[in-house]
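Please examine the sequence and the structure shown below before reading on. The briefing that follows is intended for a reader new to them.

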Amino acid sequence: MKNLTEINITSPAETALKKLQRANIAVYDCKKRGAEFIFCVKDKDIKKVFAIFAKPCYNVRVGRASLKNRLLGGLILRAGLVAGALIFAVAAYISGFFILKIEVGGSGGYLESVVCRIAREEGASLLKPFSSFDSPVAAGRILSLPGVTFCNISRRGSVLVIDVETGGEEPFKAVHAPLVSDVSGRVRKIVAICGTAAVEAGAKVSAGDILIYAGAQAGEEWIEGIAAGFAEIECSATAEYFAPDASDKSIAAAYASLGLQYGDIISKKHSVLPSDGGVRIIMEIEYLHKISINLT
Amino acid sequence: MKLLQQILSELGADLSASVTLVPGSCCYLKGVKTILSFSPELITLSAGKLTLSVGGEDMQVGGYFEGDLLIKGAVREVKVEKSDRN
């Protein structure tokens, strides 16, 4: 029996046992220690024991309280601590139901602002319960972001953890500038998917001229936007090649030296001028230069 | 246990008082009226017309309630004598 309280009393054991027997009190683990008689009684009998040995000639005291009473006494003595611990436990339990923080991790961490906005729109605001957050819809929206290949939404305590992974390719980033010609020539074709074409096919342009504006006219109002499209410009160029003679082989080598520098060559002609130790092959070519903006 | 009770009943024994001894462990007594003396080596009890002396080593009262007494320890002997008071 564990819930027994140990009583120490300065009295002959026989006398004490006699009195306890008369009072119908069950006693356990009786032993003598010097002048003291030590015994155990059930918790319910403690008051009776003290009543029986109330006279001053008996020095009676509780030697060791029962486990139950010790726990109870400890709790009463540390009521503040117990209350604090309880409050903490309850607060920790309740806080687990609410979102206190949103964390965005993974290689798509640079999308944090967008991901957090999506999460908020789907009900994941601070101090809102987790139950109000529509996780599948948010995951779907995050996955639809450019470059995002993986999205996992989990919960760590009161923190909403969104893991976003992006693919190897850099997401497309629009250039907010007009399409500007980098060569001089005649426009053969111009296509403006977004924005406004600044020139027409057949127009002559110089390097630095705007080909497609980043915006559009809406009535009297000019609306800024992006330019997206391409242009093909017919250009001409002259190149020289030094060869030992004017043979077909030398002419072919002269044109081959142009390489891919001029893109699609539309027309070409050459002239040969004598030079010290050989000839100078002068090549005049017309080629098609292509330029684009915001096209992948 | 039933057989023992049957035999004791046929013998006309007083079943209100009895001694059960577990050698080297404990001794259980029924019908104890009072404990006359108490020490680790000797415990003397009154059981109506009889006086019982329980001798042993490191004995202690394991429990005592309503005439039932459990003595823990190495009980060596139980001596039964007629009470002088009667």
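The points below concern a sheet with its helices, and then a single residue.

This is a predicted model. In chain A, 3 strands form an open sheet in the order 5-7-6, with mixed pairing. In chain B, Ser53(B) belongs to strand 5, which spans residues 50-65.

**The sheet in chain A**
- Strand 5 (101-105) and strand 6 (148-156) of chain A are the edge strands; each has a single partner strand, so one side of each lacks a neighbour in the sheet.
- On average, neighbouring strands of this sheet are turned by 15° against each other, direction ignored.
- Strand 6 of chain A pairs with strand 7 (residues 159-166) of chain A in the antiparallel sense, over 8 bridges.
- Cys151(A) has Val164(A), in strand 7 of chain A, as its bridge partner.

**Helices lying across the strands**
- Helix 5 of chain A, residues 112-121, lies across strand 5 and strand 7 of chain A and runs at about 135° to strand 5 of chain A.
- Helix 6 of chain A, residues 135-143, lies across strand 6 and strand 7 of chain A and runs at about 150° to strand 6 of chain A.

**The surroundings of Ser53(B)**
- Ser53(B) is partly exposed, because 15 other C-beta atoms lie within 10 Å.
- Beyond its neighbours within four places in sequence, Ser53(B) is in contact with Leu42(B), Thr44(B) and Lys79(B).
- Ser53(B) and Glu81(B) are 28 residues apart along the chain, and their C-alpha atoms are separated by 8.2 Å.

Notes:
Residues are numbered from 1 along each chain as its sequence is written. Chains are lettered from A and ligands numbered from 1 in the order in which they are written. This is a predicted model: local features need pLDDT of at least 70, side-chain atom pairs count only at pLDDT 80 or more; totals for chains, interfaces and linings use all residues. Helices (H or I, at least four residues) and strands (E, at least two) are DSSP runs, numbered from the N terminus. A residue is buried if 20 or more other C-beta atoms lie within 10 Å of its own, exposed if 12 or fewer, and partly exposed in between; C-beta atoms are placed from the backbone. Two residues are in contact if their C-beta atoms, placed from the backbone, lie within 7 Å. Two strands pair if DSSP finds at least two bridges between them. Axes are lines fitted to C-alpha atoms, for helices over the stretch in contact, and angles run from 0 to 180 degrees between N-to-C directions.
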